[in-house]
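Please read the points alongside the coordinates.

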Amino acid sequence: MSSDVKIRCKNLWKLFGPNPARFLQDHDGNPSAEALEEGGYIGAVQDVSFDVHDGEILVIMGLSGSGKSTLIRCISRLNDPTSGEMDFDGKDLLNATAAELIEIRRHKMGMVFQNFGLLPNRDVLSNVTFPLEMQGMGREAREAKAREMVELVGLTGREANFPGELSGGQQQRVGIARSLAVDPDVWFLDEPFSALDPLIRAEMQDEFMRLQKVLKKTIVFITHDFEEAVKLADRIGIMKGGRMVQMGTPEDIVLNPATDYVAEFARNAPHERIITLRAIMSSDRVVTDVPPLNARDLIGDVARQVLSSETPIAVAHRGKIVGSVGRVQMLDGLYGPEAQ
């Protein structure tokens, strides 16, 4: 396994039905959609393979019933996969004992879910200390750690409040603080902001990105919202009918959708916040009095400059001119080829 791979899934299946393991075996590990239907099985996750790299945010998305939440539950072993391989830090997670799984979940995994999952009879500080109690940490040490996490998520002064006294956004902040208290290697978030109203949701997305800049965790994030995905993700995996139909950077998915299903997700994507100059530039190399633009610049950041220029502007990468961008390329990038 590559040293930067935190999680590796290979040919992962999760079937629901009378005898899933036997059914897979009888169909050589790869039953057709017709065979699943005839046998009365639901293929929640079907032959899914991918890696999660150290420090990246991998967003898994799809419509309701696509298999994204089942997949994250398989990766965390909250649900056992029917078949396949799964490594965590180079160790075979599917053959881990119950005791080993408990240790991994207590010390290496953090989880945040849509419904917050707070304990209503405990105040904020006590909710955040709960996983540390499960680790056996002493009271003084766990409360000190909990206060640190409460401060990190911006809830200082709310330590004695109970969940019912908090807004939805504040409750989710408590859930985030609790999940981070154990200092997990991998952070799993299953639609954590989908129950919040739009303004609070946008605020929590910004807070999430602020935390990631500080903590640099490996993150698997589930959503059904493509705009949320492109705002947060290093890479996006799109699922349909239990299968991973495409995985790539937001830019890859917007510019090169693998299927009509993916294209529909990407149709209204904010190009100006996703596409870089490298993706739209011409190979023509020009020399002008204007300093070159960086190939990694987002087109929205330089659109005004390019569109107001009478001539193309040079584009550079690592100090070397690699192409140029003019009005035609910028309009293509912002609105598609029909903009011409």
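1. A pocket is here an open set of points, on a 1 Å grid over the protein atoms alone, where a 1.4 Å probe fits, with protein on both sides within 12 Å along at least five of seven lines; lining residues have an atom within 4 Å of a point. Grid points are joined across faces, edges and corners, and a volume is the space filled by probe spheres set on the points. On these terms, the largest pocket has a volume of about 500 Å³. Its lining comprises 20 residues, of which Arg 105, Arg 106, Met 109, Met 111 and Pro 131 are the closest to the centre.

2. The model is predicted: local features need pLDDT of at least 70 and side-chain atom pairs pLDDT 80 or more, while totals for chains, interfaces and linings use all residues. Residues are numbered from 1 along each chain as its sequence is written, and side-chain values use heavy atoms, without hydrogens and water.

3. Two or more residues of the largest pocket's lining come from each of helix 4 (98–107), strand 6 (109–113), helix 5 (124–135) and helix 7 (168–180). Helices (H or I, at least four residues) and strands (E, at least two) are DSSP runs, numbered from the N terminus. Strand 6 contributes the largest share, five residues. By class, 12 lining residues are nonpolar, five polar and three charged, where Ala, Val, Leu, Ile, Met, Phe, Trp, Tyr, Cys and Pro count as nonpolar, Asp, Glu, Lys and Arg as charged, and the others, Gly among them, as polar.

4. The second largest pocket has a volume of about 240 Å³. Helix 9 (226–232) and helix 10 (250–255) each supply at least two residues of its lining, and helix 9 gives the most, with three. Its lining has seven nonpolar, one polar and four charged residues, including Met 209, Arg 273 and Leu 298.

5. Met 61 lies in strand 3 (residues 57–61). Met 61 counts as buried because its relative accessibility is 0%; buried means under 20% relative accessible area (1.4 Å probe, protein chains only). Beyond neighbours within four places in sequence, the contacts of Met 61 include Lys 68, His 224, Ile 238 and Phe 265, contact meaning heavy atoms within 4.5 Å.

6. Six aromatic pairs are found in the whole structure; rings of Phe, Tyr and Trp (its six-membered ring) pair if their centres lie within 6.5 Å. Trp 187, Phe 193, Phe 208 and Phe 221 form one aromatic cluster.

Key. Buried < 20%, exposed > 50% of the residue type's maximum accessible area, 1.4 Å probe, protein only. Phe/Tyr/Trp six-rings, centres within 6.5 Å; stacked < 30°, edge-to-face > 60°.
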